[in-house]
Amino acid sequence: MDNVTIVTGGSRGIGAATCVRLARDGHRVVVGYRSAAHAAHQVVDAVAGAGGQAVAVQADTAVEDEVVALFATAADQLGPVTGLVNNAGIAAPLTRLADVDTADLRRVMDVNVIGAFLCARQAARVMTAGGAIVNVSSTAATLGSPGNYIHYAASKAAVDALTLGLAKELAADGIRVNGVAPGFVHTEIHEQTGDPDRAANVVSRIPVGRLGNPEEIAEAIAWLLSPAASYTTGATLRVAGGL
Ligand code: NAP
(Lines give C-alpha, C1' and ligand atoms only; values in the text may rest on other atoms or scores of the structure.)
Protein backbone atom coordinates (compact mmCIF):
# COMPACT_ATOMS: atom_id res chain seq x y z
CA MET A 1 0.00 0.00 0.00
CA ASP A 2 1.18 3.53 -0.82
CA ASN A 3 1.10 5.24 2.58
CA VAL A 4 0.50 8.96 2.95
CA THR A 5 0.31 9.84 6.62
CA ILE A 6 -0.50 13.14 8.32
CA VAL A 7 1.22 13.66 11.67
CA THR A 8 -0.31 16.60 13.52
CA GLY A 9 2.19 18.25 15.83
CA GLY A 10 4.93 16.78 13.65
CA SER A 11 7.32 19.65 14.18
CA ARG A 12 8.54 18.74 17.65
CA GLY A 13 8.70 16.03 20.32
CA ILE A 14 6.79 12.77 19.81
CA GLY A 15 5.36 13.93 16.48
CA ALA A 16 8.76 14.78 15.02
CA ALA A 17 10.19 11.39 16.03
CA THR A 18 7.11 9.74 14.54
CA CYS A 19 7.57 11.48 11.17
CA VAL A 20 11.14 10.21 10.91
CA ARG A 21 10.16 6.70 12.05
CA LEU A 22 7.23 6.42 9.63
CA ALA A 23 9.41 7.54 6.74
CA ARG A 24 11.64 4.54 7.49
CA ASP A 25 8.58 2.33 6.90
CA GLY A 26 8.04 4.02 3.55
CA HIS A 27 5.29 6.46 4.52
CA ARG A 28 5.21 9.77 2.72
CA VAL A 29 4.68 12.14 5.61
CA VAL A 30 2.83 15.40 6.17
CA VAL A 31 4.52 17.25 9.03
CA GLY A 32 1.69 19.27 10.58
CA TYR A 33 2.55 22.21 12.78
CA ARG A 34 0.92 25.27 14.28
CA SER A 35 3.72 27.83 14.61
CA ALA A 36 7.14 26.17 14.64
CA ALA A 37 7.80 26.43 10.89
CA HIS A 38 11.57 26.17 11.23
CA ALA A 39 11.35 23.00 13.33
CA ALA A 40 8.82 21.51 10.90
CA HIS A 41 11.14 22.12 7.96
CA GLN A 42 14.00 20.53 9.89
CA VAL A 43 11.86 17.39 10.22
CA VAL A 44 11.17 17.50 6.46
CA ASP A 45 14.93 17.74 5.86
CA ALA A 46 15.62 14.83 8.25
CA VAL A 47 13.12 12.66 6.37
CA ALA A 48 14.57 13.69 3.00
CA GLY A 49 18.10 13.08 4.28
CA ALA A 50 17.11 9.51 5.08
CA GLY A 51 15.72 9.04 1.56
CA GLY A 52 12.05 9.66 2.41
CA GLN A 53 9.49 12.22 1.29
CA ALA A 54 7.78 14.78 3.53
CA VAL A 55 6.10 18.16 3.34
CA ALA A 56 5.42 20.65 6.14
CA VAL A 57 1.88 22.06 6.35
CA GLN A 58 0.75 24.72 8.82
CA ALA A 59 -2.63 24.17 10.47
CA ASP A 60 -4.10 24.88 13.87
CA THR A 61 -5.92 21.63 14.58
CA ALA A 62 -8.46 23.43 16.76
CA VAL A 63 -9.70 25.39 13.71
CA GLU A 64 -12.08 23.50 11.42
CA ASP A 65 -11.17 25.25 8.15
CA GLU A 66 -7.47 24.72 8.80
CA VAL A 67 -7.98 21.00 9.40
CA VAL A 68 -9.95 20.67 6.16
CA ALA A 69 -7.19 22.55 4.34
CA LEU A 70 -4.49 20.37 5.96
CA PHE A 71 -6.07 17.20 4.56
CA ALA A 72 -6.67 18.80 1.14
CA THR A 73 -3.07 20.02 0.90
CA ALA A 74 -1.80 16.60 1.97
CA ALA A 75 -3.79 14.89 -0.80
CA ASP A 76 -2.73 17.48 -3.40
CA GLN A 77 0.95 17.24 -2.58
CA LEU A 78 1.43 13.55 -1.68
CA GLY A 79 -1.68 11.64 -2.78
CA PRO A 80 -4.73 10.11 -1.03
CA VAL A 81 -4.35 10.18 2.75
CA THR A 82 -4.06 6.69 4.25
CA GLY A 83 -2.90 7.49 7.79
CA LEU A 84 -3.41 10.01 10.57
CA VAL A 85 -1.36 10.39 13.72
CA ASN A 86 -3.61 12.58 15.84
CA ASN A 87 -0.79 13.89 18.02
CA ALA A 88 -1.02 17.68 18.37
CA GLY A 89 -1.67 18.53 21.99
CA ILE A 90 -0.92 20.88 24.82
CA ALA A 91 -0.39 20.55 28.55
CA ALA A 92 -1.21 23.22 31.13
CA PRO A 93 0.20 24.91 34.22
CA LEU A 94 0.13 22.58 37.23
CA THR A 95 -2.69 23.45 39.62
CA ARG A 96 -5.46 21.95 41.71
CA LEU A 97 -8.85 22.09 40.00
CA ALA A 98 -10.10 24.70 42.49
CA ASP A 99 -7.56 27.14 41.07
CA VAL A 100 -7.66 26.27 37.39
CA ASP A 101 -7.87 29.21 35.03
CA THR A 102 -10.97 29.14 32.81
CA ALA A 103 -9.02 30.17 29.71
CA ASP A 104 -6.53 27.32 30.30
CA LEU A 105 -9.39 24.87 30.77
CA ARG A 106 -11.01 25.94 27.49
CA ARG A 107 -7.74 25.91 25.54
CA VAL A 108 -6.84 22.38 26.69
CA MET A 109 -10.26 21.12 25.64
CA ASP A 110 -10.12 23.06 22.38
CA VAL A 111 -6.79 21.65 21.24
CA ASN A 112 -6.77 18.19 22.84
CA VAL A 113 -10.44 17.29 22.35
CA ILE A 114 -11.99 19.45 19.61
CA GLY A 115 -8.77 19.41 17.59
CA ALA A 116 -8.42 15.64 17.84
CA PHE A 117 -12.09 15.19 16.88
CA LEU A 118 -11.85 17.55 13.90
CA CYS A 119 -8.82 15.66 12.57
CA ALA A 120 -10.39 12.25 13.17
CA ARG A 121 -13.61 13.41 11.50
CA GLN A 122 -11.75 14.60 8.43
CA ALA A 123 -9.85 11.32 8.29
CA ALA A 124 -13.14 9.42 8.52
CA ARG A 125 -14.46 11.46 5.59
CA VAL A 126 -11.54 10.88 3.25
CA MET A 127 -9.99 7.53 4.18
CA THR A 128 -10.78 4.29 2.41
CA ALA A 129 -10.17 0.63 3.28
CA GLY A 130 -6.66 0.03 4.59
CA GLY A 131 -6.54 3.40 6.33
CA ALA A 132 -5.41 3.71 9.93
CA ILE A 133 -5.57 6.34 12.67
CA VAL A 134 -3.50 6.55 15.84
CA ASN A 135 -4.68 8.96 18.53
CA VAL A 136 -2.08 10.14 21.04
CA SER A 137 -3.56 9.95 24.52
CA SER A 138 -1.73 9.92 27.86
CA THR A 139 -1.52 7.79 30.99
CA ALA A 140 -3.10 10.87 32.61
CA ALA A 141 -6.44 9.65 31.18
CA THR A 142 -6.46 6.70 33.59
CA LEU A 143 -4.48 8.28 36.45
CA GLY A 144 -6.51 11.51 36.71
CA SER A 145 -3.50 13.78 37.40
CA PRO A 146 -4.74 15.04 40.80
CA GLY A 147 -3.04 18.22 41.95
CA ASN A 148 -1.55 18.71 38.48
CA TYR A 149 -4.09 19.06 35.69
CA ILE A 150 -7.30 17.06 35.92
CA HIS A 151 -8.57 18.94 32.86
CA TYR A 152 -5.65 17.64 30.77
CA ALA A 153 -6.33 14.10 32.04
CA ALA A 154 -10.01 14.48 31.14
CA SER A 155 -9.12 15.71 27.65
CA LYS A 156 -7.11 12.55 27.09
CA ALA A 157 -9.93 10.37 28.47
CA ALA A 158 -12.05 11.93 25.71
CA VAL A 159 -9.39 10.89 23.21
CA ASP A 160 -9.60 7.30 24.52
CA ALA A 161 -13.38 7.32 24.00
CA LEU A 162 -12.84 8.65 20.49
CA THR A 163 -10.50 5.74 19.79
CA LEU A 164 -12.97 3.14 21.03
CA GLY A 165 -16.05 4.55 19.34
CA LEU A 166 -14.50 5.42 16.01
CA ALA A 167 -12.76 2.04 15.81
CA LYS A 168 -16.18 0.41 16.00
CA GLU A 169 -17.77 2.86 13.54
CA LEU A 170 -15.07 2.37 10.92
CA ALA A 171 -14.26 -1.32 11.36
CA ALA A 172 -16.62 -2.41 8.60
CA ASP A 173 -14.98 0.12 6.27
CA GLY A 174 -11.59 -1.52 6.79
CA ILE A 175 -10.17 1.44 8.71
CA ARG A 176 -8.42 0.80 12.03
CA VAL A 177 -8.33 3.29 14.93
CA ASN A 178 -5.97 2.88 17.86
CA GLY A 179 -4.26 4.97 20.50
CA VAL A 180 -1.00 5.21 22.36
CA ALA A 181 -0.85 6.44 25.94
CA PRO A 182 2.63 7.72 26.74
CA GLY A 183 3.71 8.29 30.31
CA PHE A 184 6.37 10.95 30.86
CA VAL A 185 8.47 11.57 27.76
CA HIS A 186 11.42 13.92 27.23
CA THR A 187 9.87 16.77 25.17
CA GLU A 188 9.29 20.49 25.48
CA ILE A 189 5.64 20.03 26.52
CA HIS A 190 6.67 19.97 30.18
CA GLU A 191 7.71 23.64 29.94
CA GLN A 192 3.97 24.44 29.83
CA THR A 193 3.52 23.04 33.35
CA GLY A 194 5.45 25.94 34.91
CA ASP A 195 7.62 23.48 36.89
CA PRO A 196 11.24 23.83 35.76
CA ASP A 197 12.12 20.59 37.60
CA ARG A 198 9.25 18.58 36.11
CA ALA A 199 11.42 15.68 34.89
CA ALA A 200 13.24 15.32 38.19
CA ASN A 201 9.98 15.60 40.11
CA VAL A 202 8.18 12.80 38.24
CA VAL A 203 10.94 10.25 37.77
CA SER A 204 10.46 8.62 41.20
CA ARG A 205 6.89 7.70 40.14
CA ILE A 206 8.01 5.78 37.03
CA PRO A 207 8.62 2.06 37.68
CA VAL A 208 11.48 1.74 35.17
CA GLY A 209 13.15 4.76 36.77
CA ARG A 210 13.42 7.10 33.80
CA LEU A 211 11.42 9.20 31.35
CA GLY A 212 10.76 7.81 27.88
CA ASN A 213 12.26 9.10 24.66
CA PRO A 214 10.07 10.29 21.77
CA GLU A 215 11.53 7.53 19.59
CA GLU A 216 10.15 4.90 21.97
CA ILE A 217 6.62 6.27 21.48
CA ALA A 218 7.14 6.52 17.73
CA GLU A 219 7.87 2.77 17.59
CA ALA A 220 4.45 1.96 19.04
CA ILE A 221 2.72 4.39 16.67
CA ALA A 222 4.53 2.91 13.67
CA TRP A 223 3.49 -0.61 14.68
CA LEU A 224 -0.16 0.37 15.14
CA LEU A 225 -0.18 1.94 11.66
CA SER A 226 1.52 -1.07 10.07
CA PRO A 227 -0.01 -4.21 8.53
CA ALA A 228 1.54 -6.12 11.47
CA ALA A 229 -1.29 -4.65 13.57
CA SER A 230 -3.98 -5.74 11.09
CA TYR A 231 -6.24 -7.29 13.80
CA THR A 232 -5.70 -4.47 16.29
CA THR A 233 -8.38 -1.80 16.46
CA GLY A 234 -9.95 0.09 19.35
CA ALA A 235 -6.85 -0.47 21.49
CA THR A 236 -4.92 2.12 23.43
CA LEU A 237 -1.37 0.92 24.02
CA ARG A 238 0.31 2.18 27.19
CA VAL A 239 3.94 3.09 26.52
CA ALA A 240 4.91 4.40 29.90
CA GLY A 241 7.71 2.50 31.59
CA GLY A 242 5.25 0.69 33.84
CA LEU A 243 3.32 3.79 34.93
P1 NAP B 1 5.53 19.08 22.24
O2 NAP B 1 6.95 18.68 22.20
O3 NAP B 1 5.12 20.28 23.02
O4 NAP B 1 5.00 19.20 20.73
C5 NAP B 1 3.66 19.52 20.52
C6 NAP B 1 3.38 19.53 19.04
O7 NAP B 1 1.98 19.80 18.88
C8 NAP B 1 4.13 20.61 18.30
O9 NAP B 1 4.48 20.11 17.03
C10 NAP B 1 3.11 21.72 18.18
O11 NAP B 1 3.28 22.55 17.05
C12 NAP B 1 1.84 20.92 18.03
N13 NAP B 1 0.64 21.67 18.41
C14 NAP B 1 0.28 22.14 19.62
N15 NAP B 1 -0.90 22.77 19.55
C16 NAP B 1 -1.30 22.68 18.25
C17 NAP B 1 -2.42 23.15 17.54
N18 NAP B 1 -3.42 23.84 18.13
N19 NAP B 1 -2.49 22.89 16.22
C20 NAP B 1 -1.52 22.20 15.60
N21 NAP B 1 -0.42 21.74 16.20
C22 NAP B 1 -0.32 21.99 17.52
O23 NAP B 1 4.62 17.88 22.81
P24 NAP B 1 4.84 16.30 22.91
O25 NAP B 1 5.32 16.01 24.28
O26 NAP B 1 5.57 15.80 21.74
O27 NAP B 1 3.32 15.85 22.88
C28 NAP B 1 2.71 15.24 21.73
C29 NAP B 1 1.45 14.57 22.21
O30 NAP B 1 1.79 13.57 23.19
C31 NAP B 1 0.45 15.50 22.88
O32 NAP B 1 -0.86 15.16 22.49
C33 NAP B 1 0.66 15.23 24.36
O34 NAP B 1 -0.49 15.51 25.11
C35 NAP B 1 0.98 13.75 24.33
N36 NAP B 1 1.72 13.27 25.51
C37 NAP B 1 2.96 13.73 25.80
C38 NAP B 1 3.61 13.25 26.92
C39 NAP B 1 4.98 13.72 27.32
O40 NAP B 1 5.42 13.41 28.45
N41 NAP B 1 5.72 14.42 26.47
C42 NAP B 1 2.99 12.30 27.73
C43 NAP B 1 1.72 11.84 27.40
C44 NAP B 1 1.10 12.33 26.27
P45 NAP B 1 4.31 23.79 17.04
O46 NAP B 1 5.67 23.14 17.10
O47 NAP B 1 4.06 24.50 15.77
O48 NAP B 1 4.02 24.58 18.27
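Start by selecting Gly130, which is partly exposed, with a relative accessible area of 41%. Buried means under 20% relative accessible area, exposed over 50% and partly exposed in between, using a 1.4 Å probe and protein chains only. This is a predicted model, in which local features need pLDDT of at least 70 and side-chain atom pairs count only at pLDDT 80 or more, while totals for chains, interfaces and linings use all residues. Residues are numbered from 1 along each chain as its sequence is written, and side-chain values use heavy atoms, with hydrogens and water left out.

**Two loops**

Stay on Gly130. It sits in the loop between helix 4 (102–126) and strand 5. Helices (H or I, at least four residues) and strands (E, at least two) are DSSP runs, numbered from the N terminus. The C-alpha atoms of Gly130 and Gly83 are separated by 8.9 Å, and the two residues are 47 residues apart along the chain.

Next, select Ser145. Look for it in the loop between helix 5 (140–143) and helix 6 (150–170). Is Ser145 buried or exposed? Ser145 is buried, with a relative accessible area of 10%. Check its backbone too: phi of Ser145 is near 50 degrees, a positive value in a residue other than glycine.

**Helix 8**

Select residues 214–225, which form helix 8. Helix 8 has twelve residues and reaches 17 Å from its first C-alpha to its last. That is close to the 16 Å expected at 1.5 Å a residue; the expected span is 1.5 Å times one less than the number of residues.

Which residues of helix 8 are buried? Colour Pro214, Ile217, Ala218, Ala220, Ile221, Ala222, Leu224 and Leu225. Their cover includes helix 1 and strand 1 (4–7), strand 4 (83–86), strand 5 (132–136), strand 6 (176–182) and strand 7 (236–239).

Two packed helices are described by the angle between their axes and the distance between the axes. Axes are lines fitted to C-alpha atoms, for helices over the stretch in contact, and angles run from 0 to 180 degrees between N-to-C directions.

Helix 1 and helix 8 pack at an angle of about 50 degrees, with their axes 8 Å apart. That makes helix 1 oblique to helix 8. Angles under 35 degrees count as roughly parallel, over 145 as roughly antiparallel, 65 to 115 as roughly perpendicular and the rest as oblique.

Show the side of helix 1 that makes this contact: Gly13, Ile14, Ala17, Thr18, Arg21, Leu22 and Arg24. Contact means heavy atoms within 4.5 Å. From helix 8, the contact residues include Ile217, Ala218, Ile221 and Leu225.

**Helix 1 against helix 2**

Keep helix 1 and select helix 2 (residues 37–49). Their axes come within 9 Å and cross at roughly 20 degrees. That makes helix 1 roughly parallel to helix 2. Ala16, Cys19, Val20 and Ala23 in helix 1 meet Val43, Ala46 and Val47 in helix 2.

**Helix 3 against helix 4**

Finish with helix 3 (residues 64–78) and helix 4. They pack at an angle of about 40 degrees, with axes 10 Å apart. Helix 3 and helix 4 are therefore oblique to each other. Glu64, Val67, Val68 and Phe71 of helix 3 make the contact with Leu118, Cys119, Arg121, Gln122, Ala123 and Val126 of helix 4.
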